[in-house]
Protein chains: 2
Amino acid sequence: MKIIVQKYGGTSVGSIEKIQRVADRIITNKAKGYKMVVIVSAMGDFTDELVTLAKQIDPYPSGREYDALLATGESISSSLLAMALTKKNHEAISLTGWQAGIYTEASHNKAKILDVKPARILSELQNDKIVIINGFQGINSDDDITTIGRGGSDTSAVAIAAALKADFCEIYTDVDGVYTTNPNLIKEARKHDIIDYDEMLELASLGAQVLHPRAVEGAKAFGVTLVVRNSYNFNEGTIVKEVSKMEIKNPVTGIAYDENTSKIAITGLPDKPGIAGKLFSELAEAKINVDMIVQSNQTNAKNDIAFTIPQDEFAKGLEITKAFAKTVGAKEVDSQEHVSKVSIVGVGMVSSPGVAAKMFSILGENNINIDLITTSEIKVSCIIDQKETNKAVQLLHSGFNLETY
Amino acid sequence: MKIIVQKYGGTSVGSIEKIQRVADRIITNKAKGYKMVVIVSAMGDFTDELVTLAKQIDPYPSGREYDALLATGESISSSLLAMALTKKNHEAISLTGWQAGIYTEASHNKAKILDVKPARILSELQNDKIVIINGFQGINSDDDITTIGRGGSDTSAVAIAAALKADFCEIYTDVDGVYTTNPNLIKEARKHDIIDYDEMLELASLGAQVLHPRAVEGAKAFGVTLVVRNSYNFNEGTIVKEVSKMEIKNPVTGIAYDENTSKIAITGLPDKPGIAGKLFSELAEAKINVDMIVQSNQTNAKNDIAFTIPQDEFAKGLEITKAFAKTVGAKEVDSQEHVSKVSIVGVGMVSSPGVAAKMFSILGENNINIDLITTSEIKVSCIIDQKETNKAVQLLHSGFNLETY
């Protein structure tokens, strides 16, 4: 069987009209001879409405009941889509997570998918039905409904595509694909035709909202070819797959940025083992998400540590750090609430020396001060003043020839 | 285990405040030493909103998908109620129809419950949890979600109470119990403390909206003691159970009426075998619900047939009957759009001759013309002019001493 798995997010199925449009698109694909499996999210902001109801009862509701509640959203959109297809004379069937055989960990709210047992999906496909599956949900070994956390429907789609050995997995969204940077900010931004899993993973983690990192990880692990496409047109989209080194034309393929960043630095920290671990444990207990961490050991047996956190956690993070600094006798705490993380990404970086240096030069020559730096094999991230974000992205985009390569 | 099963309808769980109130009531009952099992309907008019969405796609949607869609409503209310109980420090768990082991026929929309396998319910009760169960739904042998039709949650509650051998099954509604007649119409109407299954069944079928007839039938079949109670107060309610003949004080225990009735009569119908059957087959094909049918054979080998149908089906029913009359050469078609069916009900009637005669006399003496009559062992129904309804109910209510017996 030639199988396409498609995933449509909440905005794509946000109204009856949109559901009809999605149905037409599915039929178009089926007409090309594919068996169709479609994963849907809940309609528009229905999940948020359910969250509001739950929070009125309990700000921290039972995980099991929260999952049972939220899982209803996808049942509504999947059955409506199945009705729309049937009305258009294409037999369709909606399946909940458990009907589709999506087995997860026992835990709730962020359960990992452990296995997909696709017997029912396959038997419905063999009966020539279009199979619509509730995204974001599964069932655990207690026969309780689970949800799989943020980016859940993308992850469901990838897991199902892997289990079915689908030809590819199309993720529908409201942009044409993956761009070299945000096209709303930089008009020269170009859409990638093909991008490597690892690049996509870095871009996704760095705030390109197109695909959830978990889904990209899963696709890489199981060799699922992803296609990111716009549900409002028939443009080609971006293929995410393993790209061979031979195909790499440019060491840098994307500029990502994240403006929701604050920086906190603690200087003159006594150089005792475990002291940094203690600070970050305290921050973790307060559910503060630390992103970059940079530590520099100075000659006088004192350490400086700087780290970044999301802006809405800044006040709390600063309070904890100041109290900690006082307790351990650090010199001082310095902070900046509004900074940006700007990153260059590219799998070709590994084999192209000087890419990081070129980034620092481009920023330096234009009087943009770099505050912190972290690097991975395929990424360099710099913290800069938030006011310089647009200028920096623009300079890096043209400096690395992303308009033209 | 001492077990109470309670059922709360859509209005009782129509808002977060109402769900909190239901939670308090459940806790009060639990404090008396009962294990609590609670069946809920969908919140307020949520099911109607889902119906509206579906009908925008297809006026006659796939039965399977319609069930998958509608079943979400009860999942929302049950998980919210479980959260509310947990927040009030009483462990609770919500179960869908399939999790609760409610097995139905394969058919959709009006599937009959075939079996309740209460293993999961019992194990949760043994763990001292309050068990909240989605009403109105089950699962069939294909692992597809089914709904069980009108009055569904009452029927779910009775089936679960039977399977658990519960001490009793409380049906919560917005009135204090079952009355001798509609208390909004007749201020002397009295609430029954106890009523027999068969009487309740007739009253329910005749338009007393308190309990669905299917639920009463089920309760009778399995000997489940029902209690109809008001969810807005702590009054005693009405017990529905097998009432021994010794306990019967009055042959008539209730006056029911249905103002949504039209009458059509066809006279001078040739006395040929099967001719009446043909008329009612045609009406059935047009989905017209025929209620009473009265046929009188006259000496001249011609028949008169009169029947009643709901008023919103009057125009169509009349059209079909006129066309039929013309085809078979009947004499004429007579009709009256606005009539009422007034009924007296009582299990004591069987052993009290003259009850029907007394009804006719009361109406006759007060110049209320009786148009059609049908009788069962425990019921006599008369068709009268709709304008006379209130007067007739009043006269019968006092004539049979329902204020005082």
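Modeller: A definition comes first: the axes used here are lines fitted to C-alpha atoms, for helices over the stretch in contact, and the angles run from 0 to 180 degrees between N-to-C directions. The model is a predicted one, and everything below should be read with that in mind.

With that definition, the axes of helix 4 (residues 72–87) of chain A and helix 4 of chain B come within 9 Å of each other and cross at roughly 170 degrees. Angles over 145 degrees count as roughly antiparallel, and helix 4 of chain A and helix 4 of chain B are therefore roughly antiparallel to each other. The residues that make this contact are A:Thr72, A:Ser75 and A:Ile76 on helix 4 of chain A, and B:Thr72, B:Ser75 and B:Ile76 on helix 4 of chain B. Sorted by class, the contact between helix 4 of chain A and helix 4 of chain B holds 2 nonpolar and 4 polar residues, with no charged ones.

Chain B is superposed on chain A by a rotation of 180 degrees with 0.1 Å of shift along its axis, at an RMSD of 0.2 Å. That is the relation of a two-fold axis. Within chain B, the C-alpha nearest the axis belongs to B:Thr72, at 2.7 Å from it, and B:Thr72 is also one of the residues in the contact of the two helices 4.

Helix 4 of chain A also meets another helix of the partner chain. The axes of helix 4 of chain A and helix 2 of chain B come within 9 Å and cross at roughly 25 degrees. That makes helix 4 of chain A roughly parallel to helix 2 of chain B, and the crossing of these two helices is right-handed. On helix 4 of chain A the contact is made by A:Ile76, A:Leu80, A:Met83, A:Ala84 and A:Lys87, and on helix 2 of chain B by B:Leu50, B:Leu53, B:Ala54 and B:Ile57. Its residues divide into 8 nonpolar, no polar and 1 charged. A:Ile76 takes part in this contact and also in the contact with helix 4 of chain B.

Taken as a whole, the contact between the chains draws 25 residues from chain B and 25 residues from chain A. On the side of chain B that touches chain A, helix 2 (46–57), helix 3 (63–70) and helix 4 (72–87) of chain B each supply at least two residues, and helix 4 of chain B gives the most, with 10 residues. By class, that side of chain B has 13 nonpolar, 8 polar and 4 charged residues. Of the interface residues of chain B, 100% are also interface residues in chain A, so the copies meet through the same surface.

Turning to the fold around this part, chain B has an open sheet of 8 strands in the order 3-6-2-1-9-11-12-10, with mixed pairing. Strand 3 (92–95) and strand 10 (194–196) of chain B stand at its edges with a single partner strand each, so one side of each is left without a neighbour in the sheet. Strand 3 of chain B pairs with strand 6 (residues 130–134) of chain B in the parallel sense over 4 bridges, and the bridge partner of B:Ile93 in strand 6 of chain B is B:Val131. Helix 1 (residues 16–30) of chain B packs on this sheet, where it touches strand 1 (3–8), strand 2 (35–40) and strand 6 of chain B, and its direction makes about 155 degrees with that of strand 2 of chain B.

In chain A, 8 strands form an open sheet in the order 3-6-2-1-9-11-12-10, again with mixed pairing. Within that sheet, strand 9 (residues 168–173) and strand 11 (residues 226–230) of chain A pair in the parallel sense over 5 bridges, and the bridge partner of A:Tyr172 in strand 11 of chain A is A:Arg229.

Notes
Residues are numbered from 1 along each chain as its sequence is written. Chains are lettered from A and ligands numbered from 1 in the order in which they are written. This is a predicted model: local features need pLDDT of at least 70, side-chain atom pairs count only at pLDDT 80 or more; totals for chains, interfaces and linings use all residues. Copies are superposed by least squares on the C-alpha atoms of residues with pLDDT of at least 70 in both. Two residues are in contact if their C-beta atoms, placed from the backbone, lie within 7 Å. Ala, Val, Leu, Ile, Met, Phe, Trp, Tyr, Cys and Pro count as nonpolar, Asp, Glu, Lys and Arg as charged, and the others, Gly among them, as polar. Two strands pair if DSSP finds at least two bridges between them. Angles under 35 degrees count as roughly parallel, over 145 as roughly antiparallel, 65 to 115 as roughly perpendicular and the rest as oblique. A crossing is left-handed if the near helix is turned anticlockwise from the far one by less than a right angle, and right-handed if clockwise.
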